[in-house]
Amino acid sequence: MNQPNKETKVQSKPKVESYDIAKSDETLHLAVDLAKFIKENRLFQNIQGKEYVNVEGWQYAGSRLGILPVVEHVVNISTDDEIKYQAKVNLLDLRSQQIVGAGFAICSNREQGKKYYQEFAIASMAQTRAIGKAYRNILAWVIRAAGYEPTPSEEMDYGGNEQTAKPAVPTEKKATMKSSTAATAPQAKDAAPAEEEQSASVRYASAKQKEEIIRLLNNPTITRQEKTKMLLNINRFDEERAAQAIEKLKKVIEDREDGQSAAA
């Protein structure tokens with residue numbers, strides 16, 4: 001008489017909400033989830049007939065594995081006639097608290113389409129590329145399994161692809177990296193894609209803050225949509241915004257838990 005109940009228990013397998021990179025069967029499930037998410041949110045660029053995932057797509061894959069990027073440094077290696085930055089990003093496994101990967105990247109205003117980019121945009125793009133590169137080093141096969149090219153779109157040469165380059169119209173030639181940000185502020189709006197509009201001097205959210213945000217997002221009162229939206233933006237948070245997000249999440253969880261108690 002107990003046999004039917006046993007079969008029912010076996011069939012009601014819980015849905016996997018996070019994955020372990022050490023388990024190939026779980027990462028294959030992640031590839032399916034990733035393919036759907038990237039397509040629905042258009043997190044890719046079509047370059048010469050091939051589809052390359054944006055850094056946000058790589059970040060989503062990493063967040064589902066509990067692996068978050070931590071910027072180690074952004075170094076100014078400019079010369080008198082070139083604005084150039086190098087960035088290094090480490091990947092932190094929140095389960096083990098170990099560094100599991102790293103990526104280096106460089107961005108220069110001598111690249112095609114970036115002649116009139118502001119200095120902060122060059123520094124920000126170096127960081128963005130380093131994040132994508134770090135994830136590529138350990139997750140390229142997952143992206144490939146999801147049906148996309150295993151190179152972050154930010155690493156690709158967009159030669160001739162004018163719609164992806166948005167240089168500002170200059171009022172004067174920028175000769176050195178020391179040009180005034182205030183004097184060139186009118187060009188900043190169009191100098192780079194919106195996700196790059198952050199100053200190189202911003203103090204980004206710490207690994208501890210990101211870990212706390214992830215912990216709060218895993219609360220059952222937080223919806224999947226809310227969780228996904230915040231995970232996509234978590235690496236843009238500065239310390240102040242991260243602190244505000246933590247307080248907001250705590251309040252939302254408290255209010256919802258109180259509401260559930262009252263309803264019961």
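In what order do the three strands of the open sheet run, and is their pairing parallel or antiparallel? The order is 3-4-5, and the pairing is antiparallel. Strand 3 (67-76) and strand 5 (98-108) stand at the edges. Each has a single partner strand, so one side of each lacks a neighbour in the sheet. From one strand to the next, the twist averages 20 degrees. This model is predicted.

Strand 4 spans residues 84-93. Ten bridges link strand 4 to strand 5 in the antiparallel sense. Within this pair, V89 stands opposite G103 of strand 5. Strands of a sheet pair through backbone hydrogen bonds.

## The helix across the sheet

Helix 4 covers residues 119-145. Helix 4 lies across strand 3, strand 4 and strand 5. Relative to strand 5, helix 4 runs at about 140 degrees.

## The hairpin

Strand 1 (residues 44-47) and strand 2 (residues 50-53) form an antiparallel pair over four bridges. I47 stands opposite K50 in strand 2. Two residues lie between the strands of this hairpin. Q48 takes a positive phi there, near 50 degrees.

## A buried serine

S153 sits in the loop between helix 4 and helix 5 (185-188). Is S153 buried or exposed? S153 counts as buried because its relative accessibility is 1%, and the cut-off for buried is under 20%. The side chain of S153 makes a polar contact of 2.9 Å with the side chain of N54.

Methods
Residues numbered from 1 in each chain as written. Predicted model: local features only at pLDDT ≥ 70, side-chain atom pairs only at ≥ 80, totals over all residues. Heavy atoms only, no water. Pairing = 2+ DSSP bridges. Axes fitted to C-alpha atoms, helices over the stretch in contact; angles between N-to-C directions. Contact = heavy atoms within 4.5 Å. Buried < 20%, exposed > 50% of the residue type's maximum accessible area, 1.4 Å probe, protein only. Polar contact = N/O pair within 3.5 Å; in protein donor to acceptor, adjacent residues only side chain to side chain.
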